[in-house]
Amino acid sequence: MQQSNRLRPFFENITFDRADNEMILNFGPQHPSAHGQLRLMLHMQQEQITKAHPDIGYLHRGMEKMAENMIYNEFMPTTDRMDYIASSSNNYGFALAVEKLIGLDVPRRAKVIRMMLLETNRLMSHLFWLATTALDIGAMTVFLFAFREREYLMDLIEDYCGARLTHSAVRIGGVPLDLPDNFIPDLRKFLDKLPENIKDYEDLLDSNRIWLMRMENVGVISTEMALSWGCSGVMLRASGVEWDIRKEEPYELYDEVEFSVPVSDKGDNYARYKLYMAEMRESSKILYQVLDMYEGTQPALMAHAPQYISAPKLDIMTQNYSLMQHFVLVTQGMRPPVGEVYIPTESPKGELGYYINSQGDAYPYRLKLRAPSFWHTGILTDLLPGHYIPDVVSIIGTTNIVFGEVDR
Amino acid sequence: MAQHQVNYLKDGGLPVALTTIDKVVNWGRSNSLWALTYGLACCGIEMMASGASRYDFDRFGTIFRASPRQAELMVVAGTLTKKHAEFIRRLYDQMTEPKWVISMGSCANTGGMFNTYATVQGVDRVIPVDLYLPGCAPRPETLQYGVMLLQQKIRRESASRAQKPKRLM
Amino acid sequence: MRAYTPKDNVQKKPYYTDRYWVAPQVAKHEVSSDAVFARDLEAISAKFTVLEAYIQVDQMVVIINAEDNFGVIELMKNSLEYNQLSELSAIDWLAAEGKFEIFYQMLSMSKRKRVRIKCKIDEKESIQSVEKLFRSADWSEREMYDMFGIVINNHPFMKRILMPDDWEGFPLRKTYPLQGDEFASWYEVDKIFGKEAREIIGPENRDPARVDRYDTERFARLGHEVPRGADISQGEPDTPLVYQESEGVFLIEKFDAEKSVVISDRDR
């Protein structure tokens, strides 16, 4: 028996009896170039947008509530699903926040491996950004090229942690595994070829008339606007503010590697595109230096803090007390000290911060995820008015928003 | 991967003998499954990857379409939230018959790890599902295997049969 | 007798408690230990009452009265060079002291310092919007309203942002259960099919470990497939192992490994 449902066509919810010429256009929440579940209510005067209301929350899964009901280690796989294009950077941000809360120091080899993961994730994320943005604007070839390179990086990550997308490759207190044998030569092989690949993309796009028309002087964000809206990462640097958390408030080994922070003062789509390309080059520069650092580090991978971190597997299997501690840590969870901490890291999208309020329990009392894309979506409210319909797609593309992160 | 003949597909109220017309129509249908891009979350990225250069979905005849009116397969890739539920139903209703649904990933199957207030506990509460793919996120190979299974299912159906409601329509 | 579970805080509790456990504290340092922070605090306390101030994990925490929030942030933005409001949200302390705690996470790019301004309000109290100073507060305050039900004064567009407009309850309050209340559990069914369809669709399965061995509506055991909905309480028959479509498919050529070129090196 066919049962009808109560959904009626959407336009019945909007009144059309307006005196002026204004049209309301619903964009999303399932639009192929919205990079996820973004819904925009656009007020239009002919082709021009007069008012924009981004409507988010279509991927709100209640992660902050979940965190309050989970022990700290349990929450790690959930952070994967936030910015699912660069999972390890989320894992890392959370692990760093908890480490700062309990005051842990991570062994050097773990730091080196984390740096590798962070930078490969940045490359993956930027390649994905390039692929999807180019696809939205109509450059199918770039999409295929960039995905080809991304698959190679995914293979590398898969060699390391076994997952392609949701890595969970960082633990609180270190990393779970050492690098597999072929990781470093394979990564080096990839990096050797990367400049050629980036040049391929640039050859296809830089002088492409369509690309320039859709990118240049479209979506200009002024410095004041970017600061006021809490923009970070490339969105901020394209507007002329030289601010990279890796450089200004260095964490891990970023103070030991040499890299430059590309900045532009144009603030338009094209500037952001150029910065992403430049950042890929910088990432590969960092990766070369980190690869050299790996040699000569001690084999320890996890910090030694029996109160918070399980002992190595060998100890658990051979020593009774380590086994007991492991059992307590797994069943009841670690109990960090009472206090609160806000730790920002530079994820591929921007400033990714974790605010943790701990009351000395195994469960965080409050965990706030400061995801950069949230504000990069918010800025569309002020950015879109004055633009035309086709610009919407290219602006959404270059803001590089990921909805797992916006809605959490 | 399963290598058995999946009999429950065959016995689900299907006729035993298929005519040649059925075969021709089903050949056409099963080899040009146009999918609606329904990337909701992480699985959507794997869905894109399976359409991109390495996994190349086009060789199955599966091309992603942006409009529900051109699509006959809906790959629900990712977490379906309560706020989004009415839209998935609306888009499903807009698709033309015959239509099939693949629920890709744990979140779409059962809500997965997101056992919270905001998540629909399985898309089959809202739309009927033909195939459930396990994994978080399933690899592109899994999605392609799933589409191959669906093709088999279509080949075994009578072409003129209207789709029977599975749980709720 | 059933164990008593408090209704004002339904957050998960450890089922094992150690009576002798004394939780350690994250160290709080004097503000005077950092020259930049000390000057900032002086500027704030010259104009407003500062209830408490300390440095925790390299960031200064300043606790102020809730009615000063706009003034303090205005001062920090205009004269202390804190040019970004990177985060703003609330913490629910209703069960313990009947108050919400609101924190503003500020960043100064020229000084490379981060400061957290905190204040407390009562459950029914509202707070002044800082959207005029930082546009980023627009969305964060909406999120705070959505998640906690804290009403913001002078906000331009006070509507729910993450949850649907017709949602009931404020999810991040400690009284709200993780898996949602009655309203949440039927939300999509009520909206799409109507309340009368509740019986047809049935309640949500919230137990991730639930496996019904005899459910043939949704599951099939590999190698023991039966027609959908068949009764298997007496056990299923064995299905002989047959390869899929081994007789070939109409009009489709089978893949032949012999004739194909296998690329083992990706040439990279």
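Tutor: Let's begin with Ala137(B), which sits in the loop between strand E5 (131–133) and H6 of chain B. Keep in mind that this is a predicted model.

Student: Okay! Is the peptide bond from Cys136(B) to Ala137(B) cis or trans?
Tutor: That bond is cis, and its omega is near -5°. As a rule, most peptide bonds are trans.

Student: Nice. Which residue of chain C has a positive phi without being glycine?
Tutor: One to look at is Val57(C), where phi is near 45°. Val57(C) lies in the loop between strand E2 (50–56) and strand E3 (59–64) of chain C. In general, most residues other than glycine have a negative phi.

Student: Back to chain B. At what angle do helices H2 and H6 of chain B pack?
Tutor: Helix H2 (residues 20–30) of chain B packs against helix H6 (residues 140–155) of chain B at about 160°, and their axes are 9 Å apart. Because of that angle, H2(B) is roughly antiparallel to H6(B). The crossing of H2(B) past H6(B) is right-handed.

Student: Which residues meet there?
Tutor: From H2(B) you have Asn26(B), Arg29(B) and Ser30(B), and they meet Gln151(B), Ile154(B) and Arg155(B) of H6(B). Sorted by class, this contact has 1 nonpolar, 3 polar and 2 charged residues.

Student: Now chain A. How is it split into domains?
Tutor: The domain assignment gives domain 1 (10–55) and domain 2 (63–300 + 336–407) of chain A. Taken over C-alpha atoms, the centres of these two domains are separated by 31 Å. Their contact takes 15 residues from domain 1 of chain A and 17 residues from domain 2 of chain A.

Student: What gives the largest share on the domain 1 side?
Tutor: That is strand E3 (residues 48–55) of chain A, with 7 residues of the side that touches domain 2. By class, the domain 1 side divides into 6 nonpolar, 7 polar and 2 charged residues.

Student: And what does E3(A) pair with?
Tutor: E3(A) pairs with strand E2 (residues 39–45) of chain A in the antiparallel sense, over 7 bridges. Met41(A) stands opposite His53(A) of E3(A). The two strands form a hairpin with 2 residues between them, and Gln46(A) in the turn has a positive phi of about 50°.

Student: Good to know about the turn. How do helices H2 and H3 of chain A cross?
Tutor: The axes of helix H2 (residues 72–80) of chain A and H3(A) come within 8 Å and cross at roughly 150°. H2(A) and H3(A) are therefore roughly antiparallel to each other. Their crossing is right-handed.

Student: Who makes that contact?
Tutor: H2(A) brings Tyr72(A), Phe75(A), Met76(A), Thr79(A) and Asp80(A), while H3(A) brings Ser87(A), Asn90(A), Asn91(A), Phe94(A) and Val98(A). These residues divide into 5 nonpolar, 4 polar and 1 charged.

Student: Last one! How many residues does the contact of chains A and C take from each chain?
Tutor: It takes 51 residues from chain A and 38 residues from chain C. Several elements of chain A each supply at least two residues to that side, including helix H3 (87–102) and helix H6 (183–205). The largest share on the chain A side, 5 residues, comes from E4(A). By class, the side of chain A that touches chain C has 19 nonpolar, 14 polar and 18 charged residues.

Note on methods: Residues are numbered from 1 along each chain as its sequence is written. Chains are lettered from A and ligands numbered from 1 in the order in which they are written. This is a predicted model: local features need pLDDT of at least 70, side-chain atom pairs count only at pLDDT 80 or more; totals for chains, interfaces and linings use all residues. Axes are lines fitted to C-alpha atoms, for helices over the stretch in contact, and angles run from 0 to 180 degrees between N-to-C directions. Helices (H or I, at least four residues) and strands (E, at least two) are DSSP runs, numbered from the N terminus. Angles under 35 degrees count as roughly parallel, over 145 as roughly antiparallel, 65 to 115 as roughly perpendicular and the rest as oblique. A crossing is left-handed if the near helix is turned anticlockwise from the far one by less than a right angle, and right-handed if clockwise. Two residues are in contact if their C-beta atoms, placed from the backbone, lie within 7 Å. Ala, Val, Leu, Ile, Met, Phe, Trp, Tyr, Cys and Pro count as nonpolar, Asp, Glu, Lys and Arg as charged, and the others, Gly among them, as polar. Domain bounds come from an automatic or database domain assignment. Two strands pair if DSSP finds at least two bridges between them.
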